[in-house]
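Colleague: I would like to learn how to read a structure like this one, starting with single residues and moving on to what holds the chain together.

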Amino acid sequence: MNIKKPPVPVPLLMLIGIVAISFSAIFIKWSSAPASVQGMYRLLFTSLLMLPFARPYSGAAFALKRKDWLLLGFSGFMLALHFLLWMGSLKFTSVASSTMIMALEPVFIMIGSYVLYKEKSTKSAILGLGFAIFGTVFIGWGDIGLSADNIKGDLLSVGGTVAVSVHMMVGQRLVSRMPSYLYSLIVFISASMVFAVYNLAAGIAFFGYPPKEWGIFVLLAIVPTVFGHILFNWLLQYVSATTVSMNILGEPVGASILAFLLLGEKLNSLQWAGGILVMGGLAVYLYAGRKKTAPAAESLQTAS
C-alpha cells in the first residue's frame, strides 16, 4: 500500500486538476485563431515550460533506439491530429457534446487493446462500454435537431478521440522502457512540429494575432496542461492510476458547467440523457471492469 502523503490533501488537488482541464474547451471557444495555431502554441509553450527540468533525462534520451524515435514521432503525430480534430470540433458543436464524446477515450483504448494486443476485459467493462456508446448516439441525436454543424463537430470529436486513443496505446508501450516525463516532452515537441508543418503547408500565419490570442495560447499551456495533466501525473505517486483516471468523468461535467456560466450554452433533453449514459457507462467501466486494459495509458494525461 502506498503510504506517502502529498503536502496538500489529494481531494483538493484532484478538484484543482479537474477544474483546470475543464477550462481547456472554454479557452478554445474564446479564441478565434485556427485550431492548428492554438494546438501548435499550446504544445510549444508547454514544451518550453518542461525543458528546464529535462536535464536528468538526457541519458535516457541518448539511449533511445531508432524504433523508439519513430514511435515517438508517430505518437506526436497522433496527438497533433487529436488536437486538430478536437479543437476544430469546438468551432461547430457545444462544449458539453464535444467533451462528453471525448470522454470515450478509455473505451476506444479498450477496443484497440483487444484488437492489437488481445487484452480481454470483464463483462462489467463491456456493459459500461455499451452504455457509453449508446449515450453518444443520444448526444448526436440531440445535436441533429440543432444544426448540421453540430453533427460535424460531433464527428470531429469522435475522430479526435480515436486519434488520442492511438496516441495513448503507443505511449503505453513506450513508457514501459523510458521515463514518462521524457516521453511527454519529446511527444509535445514532435506534435508542435507537426502543427508547424501543417500550418506552413496550409498557408496559416504563425504571427499577427492580437494580444488576447497570445494570452489564450499561454493559458492553454499553463492551466489545463500544468495544473491539469501534469498535476495528475504527479499525483500518481500518491494514488492509483484508476483513481487519477476518474478525471475523465470530471472534465465533461466541469466543462459543461463552465460553458453554461461563461458561454451561455445549454443542453437539450436528449443531450442530457446521452451525457448521463456516457458518464454512467464510463463509471461502470472505470470502477468495475478495468482490470488489464492499458494500465500505463492511464498515467499519460494529454487528451484535452
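Colleague: Is Lys29 buried, exposed or partly exposed?

Modeller: This is a predicted model, in which local features need pLDDT of at least 70 and side-chain atom pairs count only at pLDDT 80 or more, while totals for chains, interfaces and linings use all residues. Residues are numbered from 1 along each chain as its sequence is written, and side-chain values use heavy atoms, with hydrogens and water left out. Buried means under 20% relative accessible area, exposed over 50%, and partly exposed in between (1.4 Å probe, protein chains only). Lys29, with a relative accessible area of 27%, is partly exposed.

Colleague: Which side chain does Lys29 meet in a salt bridge?

Modeller: A salt bridge is a side-chain nitrogen of Lys or Arg within 4 Å of a carboxyl oxygen of Asp or Glu. Here the partner of Lys29 is Glu265, at 3.3 Å from N to O. Lys29 belongs to helix α1 and Glu265 to the loop between α12 and α13, so the pair ties together parts 236 residues apart in sequence; helices are DSSP runs (H or I, at least four residues), numbered from the N terminus.

Colleague: How many salt bridges does the structure hold?

Modeller: There are 2, and Asp68 and Arg177 also form one, at 2.8 Å from N to O. Asp68 sits in helix α4 and Arg177 in the loop between α8 and α9, 109 residues apart. Asp68 is buried at 7% relative accessibility, whereas Arg177 is partly exposed at 45%.

Key: Helices (H or I, at least four residues) and strands (E, at least two) are DSSP runs, numbered from the N terminus.
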